[in-house]
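Reader: Hello! Please take me on a close look at one part of the inside of this model, and then at the aromatic rings.

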Amino acid sequence: MTGMQKTVLVTGGARGIGRATCLAAARAGYRVAFNYLADDAAAAGLVAEIESGGGTAMALRADVALEADVDRLFAAIDARFGRLDALVNNAGITGPAGRFMDTDRATIDSVLRVNVTGMMDCCRAAAARMATGRGGVGGAIVNVSSGAATTGAPFTYVWYGAAKAAVEAFTRGLAAEVAAEGIRVNCISPGVTATDIHRSSGRNQGLEELARTIPVGRAATPEEIAGPILYLMSDTASYIVGSVLRVGGGR
Ligand code: NAP
């Protein structure tokens, strides 16, 4: 049966939403490959957790901003699993929160390379393997956007909002291009989710303060985002193509 088991790649899978997605995918019967930037301990812990639950996991330290790392990541999946059924482009960074006028070129560049260029490189590599016209069996791609794509995230990280808007536009275009190849491409747009990303960005609003602006009155757990990602990956979503699914607690 091993040959029939589906394989998913979750980028940025070691912590936060990516980690919850890896665990949910393993529970749903996927073999899980994920990459991460630097946190070897978090990655090893997640592999151990999935394997102790009877699942299969592979972690690779690979920066999605680097083309050579993305090539190495997909080659490792080919070698270990020999197939790829789903891709979740979850790796994302905001850069330090602040006003645009005070934000330098290097920050903007790195945010675009991780959230946009890296996401596109992963989509290209995955689509080439999944496309029925190229010998593949089809697949599903879920790109992770943000409400910032719509609001623009003023006074916080407008460059990140612009990057996520690019993710949504790219999703719509690619979805139409590869739909006839058996590949469904969609976006998930998480609301405020309780992960380390808020501390990493150094934004001065805490999660509690943000929660007051959310109709349900709290941030999402990473699991509450992972569930809808798994749904978009699943055959239940077979007619959902090029959509952006907002998971925002009413905001
Ligand atoms: P997080 O807790 O900061 O975790 C990010 C994960 O991505 C980490 O495992 C990190 O690796 C990895 N990563 C970062 N840069 C990478 C790179 N260049 N190459 C490979 N892996 C990289 O983030 P999160 O909050 O779960 O966010 C996940 C996604 O959801 C992002 O796209 C984010 O923009 C989006 N999102 C989040 C929220 C929210 O409120 N949390 C809301 C809307 C959208 P290490 O573990 O090695 O550091």
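**Inside the model**

Author: Happy to! Helix α4 (residues 105-130) gives the most to the lining of the largest cavity, contributing four residues; helices here are DSSP runs of H or I with at least four residues, numbered from the N terminus. This is a predicted model, in which local features need pLDDT of at least 70 and side-chain atom pairs pLDDT 80 or more, while totals for chains, interfaces and linings use all residues. Residues are numbered from 1 along each chain as its sequence is written, and side-chain values use heavy atoms, without hydrogens or water.

A cavity is a set of points on a 1 Å grid over the protein atoms alone where a 1.4 Å probe fits but cannot get out, and lining residues have an atom within 4 Å of a point. The count is one cavity of 30 Å³ or more, and the largest has a volume of about 30 Å³, that is, the space filled by probe spheres set on the points, which are joined across faces, edges and corners. Its lining is made up of Thr-11, Val-64, Asn-89, Ala-91, Val-114, Asn-115, Gly-118 and Met-119. By class, these lining residues are four nonpolar, four polar and no charged; Ala, Val, Leu, Ile, Met, Phe, Trp, Tyr, Cys and Pro count as nonpolar, Asp, Glu, Lys and Arg as charged, and the others, Gly among them, as polar.

Now to the rings. The whole structure holds two aromatic pairs, with rings of Phe, Tyr and Trp (its six-membered ring) pairing if their centres lie within 6.5 Å; planes under 30 degrees apart are stacked, over 60 edge-to-face and the rest tilted. Phe-34 and Tyr-36 form a tilted pair because their planes meet at 50°, with ring centres 6.5 Å apart. Tyr-157 and Tyr-160 pair edge-to-face, at 5.0 Å centre to centre and 70° between the planes. Phe-34 and Tyr-36 are both buried, meaning under 20% relative accessible area with a 1.4 Å probe and protein chains only. Tyr-157 is buried too, at 7% relative accessibility, and Tyr-160 is buried at 9%.

Conventions: Buried means under 20% relative accessible area, exposed over 50%, partly exposed in between (1.4 Å probe, protein chains only). On a 1 Å grid over the protein atoms alone, a cavity is a set of points where a 1.4 Å probe fits but cannot get out, and a pocket is an open set with protein on both sides within 12 Å along at least five of seven lines; lining residues have an atom within 4 Å of a point. Helices (H or I, at least four residues) and strands (E, at least two) are DSSP runs, numbered from the N terminus.
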